[in-house]
Amino acid sequence: MATSELRSPQHNRMPLSRRLRSPRTVLTALCVVLAAVAAFPILWMVSASFKTRATVNDGKLIPSEITVQNFVYVFTEVPFMKFLWNSFFVSATITLVSLLLHSMAAYALARLRFPGREPIFMAIFGTLLVTPPVVLIPLFLVVRQLGMLDSYAGLIIPAIFNAFGIFLLRQFYLGIPRELEEAAIVDGCGYWRVYWNIVLPLSRPILSALAVFFFLANWNSFIWPQIVATDPDLTVVQVGMASFQQQYGANWNYILAAAAVAALPMLVLFFTFQRQITESIKTSGLK
Amino acid sequence: MSSVATPERQQDTPSGQSTGGPSGRTGMSRKKRERIAAALFLLPDGIGLLTFVVIPMLLSIGLGFFQISGFGSYEWVGLGNYERMMSDPLFWDSLKVTGIYVVVLVPTLFIVSLGLGLLMKQKLPGTGIYRTLFFMPYVISLVVVGLLWQFMLDTQNGVVNKALRAAGLEGKAWLGEPSLALASVIAIMVWVMMGYYMIIFLAGLQEIPQEYYEAARIDGAGPWTTFRTITWPLLRPTSFFVLLMSTVAAITGGIEVIFVLTSGGPANGTSLAIFYIYQQAFMFGEYGYAAAMGSFLVLIMVLCSAVVFKATKGGRFDDGDQ
Amino acid sequence: MRDVSRRSLLAAGAAGAAAGSVALSGCGTAKGDDGPLRFWNFYGPQNSPDPAVQAQSDWFVAMVDEWNKTHKTQIELTYIPQPIYLNGAKLPTAFAAGTGPDIFMVSPGDFLRYANGGILKDLTDHLKPEVIEDFGDSLESRTIDGRVYALPMEIEPLAIFYDVKAWERAGLSEGDIPTTWDATLDAGDKLRSPTRAGLVFETKPGYYQNFTWYPFMWQGGGEVLDKEGNSAFDSKAARQALGLWQDAVRHGIAPTTPPAANDVISGFKAGNVGMWQQGIWQVASFNSYAPDFEYGVFKLPVPSGGSYTTGLGGWTFGANTQGRDPDGAAEFIAWAIGSMEKHSIQRMTDWCVKAKTDIAPRRTALELGIEQGGYDSPVMKKFKDEIYPAGRAEPRYPPAVYKAISDAIQGTMLGGDGVSGAVDRADQSIEAYLKSYKGADLV
């Protein structure tokens, strides 16, 4: 604290702000240090993606020789653009459809009165506990029975249904004032129009927050896509990346370059939407 | 009553609404229309969850009573798989590892992400950038996380050991000893998930009305008192949510990281229950047995969360002012 | 006991799914008669910057192209990245649901599981007697009651690779090439430094680690199972083999994690490794990635009173009995690597000396490889003449036996367990498993 006081001359003039600001300087310093620690591995990954196979494991942060060959390889030798497109298409579709369906369900659970609402909500909440690897084979059987193997439908549809989004949206709806809807209902609007014209526009912030989470989760999904799709045209980016890992001697430089390329869109996405995200998530239902 | 339970509609709704409203046109009572609307709103998600979550889960429970070769033959064994589970030391070891993993990971993650959330709330210059940096690990797929840390934790050339040696300390084989490997995996998972829960906490913190803090400041309360008397109690629903979600995530996730980093080793030191189940199912072809263990694990989670619900009244630690 | 067919169980599931589903758009076609046979493998088609990997992919593509040009039954290659092929849920799920590939690659560790599950097609009738004779011993671990269920494409012996420069710098000479365990540990001790591992054994649990460990047990006369099929694991040989790995780790000669994140060639090149127990396949990697790197190989060392042997790995082709056309699939495998036709023999030779660096599992193909210069280099010559001949095929123990032994290896090597206790535990769990085991002979 002493050093920060020395560094800020205006503290001498304003004793009140001095008390406020020097802890802030300390906190800022803490933030910088922690952020550096948190981001270091990512930085390291990016740096390694510019190294050659010989230097990729040398443990140096700054590459001694910089090569873009890894990226050239990733984009030319492997249909990586196709992988990226597949991941984008699948994740975006899942995100859009699930936001619509989940907000509908959440609206009903938060606002409409019907018998068995609580048990239904608890049952939906309970599906969060179903463990993915345990149900993998039965899920595969179901999807096969529906004729969705090796198709975009197989990649997309089973991934839509997740109680997490329903839960968060419901919490959000519990928190918005009821008067708007009630007025609309009195005006003679049907429930669908109330939902579509009033509730949905109001939920824009939480929807954009959830959109980022959903998109991210599906962009990074690995186990389900590898099982359901065998057609090389349906390869998503995380599965495609596995092909850089060879039996004898991994080409780490390529793997890390591919990983960096796959992570970049997600970082941009988060950076763009971070304000909406933090301002719209509501976890508390009681106020 | 719990926070996840739906608050009852206030009784003082205008009386006209219970019978009038849009129903006039169709001749249906509002009550009935509301029910039909609710059913229709819930239908798509309901069918989806039923088809892709509930039915597979029920099938999985069913599979737990069979001996399955993995190639199409099913033999009814009743509770045979459960008996086998009871006497399988590897399963109990894996539960023990899971227990340690959860007990260390969840609180650590809680404290770290709450700390980061509080830090981010200070509106320091450049907060948006820090927020992105803290969140960054979460955007990377778990496979890549595993690969990345395999490098960083390399005994000879890894950046972690290089840094330690530069500081005059000795490098360690981070993934070479059972307990150290488990600690490494936990640290990695904290690193991965802290940004995500930081966001959740930050959102929860922003729900707390600023006036409370103003009042506390006027009363001359210090940061610790403010935290203890305002932030902590009002943050409870969020805390509950984070605890529940991170516990479920810890029990059911992380297989990709384990595969890449340790394959459950050394000496089963990182063989989490979920990994052992995966191994039995997909590497050993014991689907029936894996399904039984999986069902058991889900049962444990249901019980745990029921206990957490009961104990915390669904996140409402402040019992009933309503 | 009641057998419930997969169909009826599926039907139950399907009924539920159908009842709740919006769009029941069709039913699974596990056995459509149309469409090409699917050949799942982890080699090709793919593009790789690594010439060796590229050559391997090209070999698969050329093989299938040639077949497709000359046969009515068409074959389609599906490349599954290796991490997914080995540890992923893809193959198990596909087989469990009856949508497995028609032709696929089988490792020794999975052989019995597939065979006992009735999934592996009996190839015997598609093979001429002289072909079976030509394969000779290499079919042994793929045979059940005299019938052949999978055809090996390669034999991959294990040996110890070492860095020649580091060897010399450590004051060791050609004459110091160790032949005993003690001498090997001594050499490892001399080679090691803070950044160089003296002697590397596999550290990750898995079938591969067991495979690399068995030869040390066999050398002392140890066996996992005796001739009657009972557990014979509790033996001096097993204890001393576990002790060897444990000592190597305890004295800091063997690392507890692989150097260079398991990139063997880079590890050697960067000077992080003195000796590494590896297989013949690394020769191809050295050739393509580090052609100028000076390395040597030597036979696995032997305990006092023991006799030399090594492990022989390698993958096989198998045909799926539940596939679209099991006979067509078997026909293809026989045509590809199991006929007396010139192209078939040449193809195997190409695989073993051009695409990869392996020992050919057929005598004719091996001879052809020698003739065509595939074993001229000192390293390959050593593999063929010294390392390979006394080797034993990788065992086909089922998962429970594998796991028991793996736990013993991991526990003693990395978990601080005592050797005797670990052997006892493994012995007991193998014995317990064998009591309930039903299926083909384990050896």
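Biologist: What makes you say which residues A:Ala258 is in contact with, leaving aside its neighbours within four places in sequence?

Modeller: Contact here requires two C-beta atoms, placed from the backbone, to lie within 7 Å. A:Val74, A:Phe80, A:Met241 and A:Phe244 are therefore called contacts of A:Ala258. Please bear in mind that this is a predicted model, where local features need pLDDT of at least 70, side-chain atom pairs count only at pLDDT 80 or more, and totals for chains, interfaces and linings use all residues. Residues are numbered from 1 along each chain as its sequence is written, and chains are lettered from A and ligands numbered from 1 in the order in which they are written.

Biologist: How do you know the class make-up of the side of chain A that touches chain B?

Modeller: That contact takes 81 residues from chain A and 83 residues from chain B. Elements that each supply at least two residues on the chain A side include helix H2 (15-48), helix H4 (80-111) and helix H14 (252-280); helices are DSSP runs of H or I, at least four residues, and strands are E runs of at least two. The chain A side divides into 57 nonpolar, 16 polar and 8 charged residues, where Asp, Glu, Lys and Arg are charged, Ala, Val, Leu, Ile, Met, Phe, Trp, Tyr, Cys and Pro nonpolar, and the others polar.

Biologist: And which element of chain C gives the most to the side that touches chain B?

Modeller: The contact takes 40 residues from chain C and 36 from chain B. H1(C) gives the most to the chain C side, with 6 residues. That side has 16 nonpolar, 18 polar and 6 charged residues.

Biologist: What makes up the two domains of chain C?

Modeller: Bounds come from an automatic or database domain assignment, which gives domain 1 (34-155 + 314-393) and domain 2 (158-311 + 397-436). Their centres, over C-alpha atoms, are separated by 27 Å.
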